[in-house]
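Welcome, and thanks for taking a look at this one with us. Please have the sequence and the 3D view open side by side as you read the briefing below.

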Amino acid sequence: MQPTDSIIFTPCKIGPIELRNRTIRSAAFENMCKDNRPSQQLFDYHTAVARGGVGMTTVAYASVNRSGVSFDGQLWMREEIVPELKKLTDAVHKEGAKASIQLGHCGNMTHRSTCGCKPMGASSGFNLYSPTFVREMTEYEILDTVRDFGKAVNLAREAGFDCVEIHAGHGYLISQFLSPYTNHRHDIWGGNLENRMRFMKFVIREVMDAAGDDIAVVVKINMFDGMKKGIHEDEAILIAKELEKLGVHALVLSAGFVSKAPMEVMRGAMPIKTMAYYMNMWKFWWLKLGLRIAGRMVVPTVPYKDAYFYETAMKFRENLDIPLIYVGGMVAKDDMEKVLNSGFVAFQMARALINDTDFVNKLKNGELTKSPCKHSNYCIGRMYSEDMRCHHCVDEMPERLKKEIEKLENQ
């Protein structure tokens with residue numbers, strides 16, 4: 001088979017849009033948005049990914065309002081940043097790719113100094129990672145946040161995006177309502193699965209109404225949370241079926257819970273020394289200290305393998321008719337073709353495109369059949385404090401970090 005004959009490089013449709021091929025840059029957080037607005041660095045990165053041949057690139061983790069912001073370097077959707085986002089989408093379109101934006105709300109995964117208020121989520125409690133006490137959302141705040149999702153979709157249209165990805169996984173706000181691990185409510189928003197899905201259903205109805213006929217809507221969900229008291233596959237399939245009924249155009253199948261099982265999302269080991277090194281000592285001294293003392297207990301390793309979600313994702317493929325987008329360990333051409341030939345409409349990847357923004361073009365012309373990324377997770381270790389980038393793109397790095405990355409790459 002010649003490189004250009006691969007199913008990878010055939011067009012596909014997701015809702016009202018058509019992609020030139022089946023590759024999507026996943027919504028891995030870039031941390032490139034100074035003062036919660038787009039930067040030149042964000043523009044340059046996504047333009048480079050589009051130029052590198054991807055079918056669609058996804059701008060990550062944009063909060064629908066101020067209370068949902070986790071990081072200073074994260075997008076916060078508001079009217080004043082629309083012209084800057086339009087510049088980005090115009091550039092992506094000029095390179096022949098489609099542009100998507102991930103919309104979400106962090107819920108309790110933030111701090112007053114970042115989001116401007118006492119963090120709130122499905123239920124009250126304590127967020128060890130901030131650390132801070134969090135409070136249960138009132139019904140007024142729930143409904144107000146639902147409306148903010150709809151407003152964010154309209155802003156995305158105004159900014160020229162072709163698609164929105166609603167983040168309903170990984171332990172952020174929608175996921176906090178879905179999961180019994182974080183939802184301890186005793187009203188209509190908690191308890192049994194039907195009640196725990198209520199917030200998600202309200203959000204998706206609002207989003208679908210705002211999206212109309214011209215914006216694709218995909219939803220990222222967990223196939224499992226990764227801990228005993230979280231969502232497991234059987235409940236996750238029921239959640240996926242509900243989203244299918246609500247008319248979303250595709251689902252992205254992921255897993256993991258950032259506050260409890262973070263490495264279920266990425267797999268492999270977190271480079272603890274790297275993560276601690278880049279953290280702001282003044283703002284994150286408690287977490288920095290905790291990482292140095294008990295790093296592997298705080299962020300335990302989950303073994304990595306290529307296409308690590310494939311077997312679980314196939315169970316969802318067998319139970320659903322809706323288009324599904326695969327994500328998780330997509331670095332090898334053979335695995336990409338296997339996923340697509342198994343009935344997935346497209347696949348997402350991030351680390352391969354952080355390693356090399358030209359990766360898709362190199363796959364297409366036969367220069368590569370697999371990404372050289374060795375999953376040391378350096379890019380993940382630094383993204384909570386610095387911009388996400390591969391270690392081979394960093395000019396100066398302390399020797400102890402080089403040794404850590406080398407060790408992890410050779411495991």
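Strand β9 (residues 163–168) and strand β10 (residues 216–222) pair in the parallel sense over six bridges. This is a predicted model, in which local features need pLDDT of at least 70 and side-chain atom pairs count only at pLDDT 80 or more, while totals for chains, interfaces and linings use all residues. Residues are numbered from 1 along each chain as its sequence is written, and side-chain values use heavy atoms, with hydrogens and water left out. Helices (H or I, at least four residues) and strands (E, at least two) are DSSP runs, numbered from the N terminus; two strands pair if DSSP finds at least two bridges between them.

**The barrel**

- Eight strands close into a barrel with parallel pairing, in the order β3-β4-β5-β9-β10-β11-β12-β13.
- Neighbouring strands of this sheet are turned by 25° against each other on average, direction ignored; the axes behind such angles are lines fitted to C-alpha atoms, for helices over the stretch in contact, and angles run from 0 to 180 degrees between N-to-C directions.
- In the pairing of β9 with β10, C163 stands opposite A216 in β10.
- Strands β10 and β11 also pair in the parallel sense, over five bridges, and here V218 stands opposite A250 in β11.
- On the other pairing of β11, with β12, the sense is again parallel and there are three bridges; L251 stands opposite L324 in β12.

**Strand β11 and its crossover**

- How many of the residues of β11 (residues 250–254) are buried? Five of its five are, where buried means under 20% relative accessible area, exposed over 50% and partly exposed in between (1.4 Å probe, protein chains only).
- Both faces of β11 are covered, with A250, V252 and S254 buried on one side and L251 and L253 buried on the other.
- A right-handed β-α-β unit is made by β10, helix α8 (residues 233–245) and β11; right-handed means that, with the strands pointing away from the viewer, the path from the first strand over the helix to the second runs clockwise.

**Helices around the barrel**

- Helix α4 (residues 139–158) lies across β5 (98–104) and β9, and runs at about 160° to β5.
- In helix α13 (residues 333–341), the buried residues are K333, D335, M336, E337, V339 and L340.
- Elements that cover these buried residues of α13 include α12 (310–319), β12 (324–327), β13 (346–349) and α15 (359–364).
- Just after α13, G343 takes a positive phi of about 105°.

**Salt bridges**

- The structure holds 24 salt bridges, each being a side-chain nitrogen of Lys or Arg within 4 Å of a carboxyl oxygen of Asp or Glu.
- One of them joins D214 and R157, with the closest N and O atoms 3.0 Å apart. D214 lies in the loop between α7 (198–211) and β10 and R157 in helix α4, so the pair ties together parts that are 57 residues apart in sequence.
- D214 is partly exposed at 43% relative accessible area, and R157 is partly exposed at 28%.
- Another salt bridge brings together the side chains of K315 and E233 (3.1 Å, N to O). Because K315 lies in helix α12 and E233 in helix α8, this pair ties together parts that are 82 residues apart in sequence.
- K315 is partly exposed, with a relative accessible area of 38%, as is E233, with 25%.
- E311 forms a salt bridge with K305, their closest N and O atoms being 3.8 Å apart.
- Salt bridges that share partners join R37, R78, E80 and E84 into one network.

**The loop between α5 and α6**

- Leaving aside residues up to four places away in sequence, S179 touches R196, D225, M227, K229, G230, I231 and F257; contact means heavy atoms within 4.5 Å.
- D187 is found in the loop between α5 and α6 as well, and counts as partly exposed at 30% relative accessibility.
- The side chain of D187 reaches the backbone nitrogen of W189 at 3.0 Å.
- The C-alpha atoms of D187 and K403 are separated by 52 Å, and the two residues are 216 residues apart along the chain.

How values were computed. A polar contact is a pair of N or O atoms within 3.5 Å; within protein, one must be able to donate a hydrogen and the other to accept it, and residues adjacent in sequence count only if both atoms are side-chain atoms.
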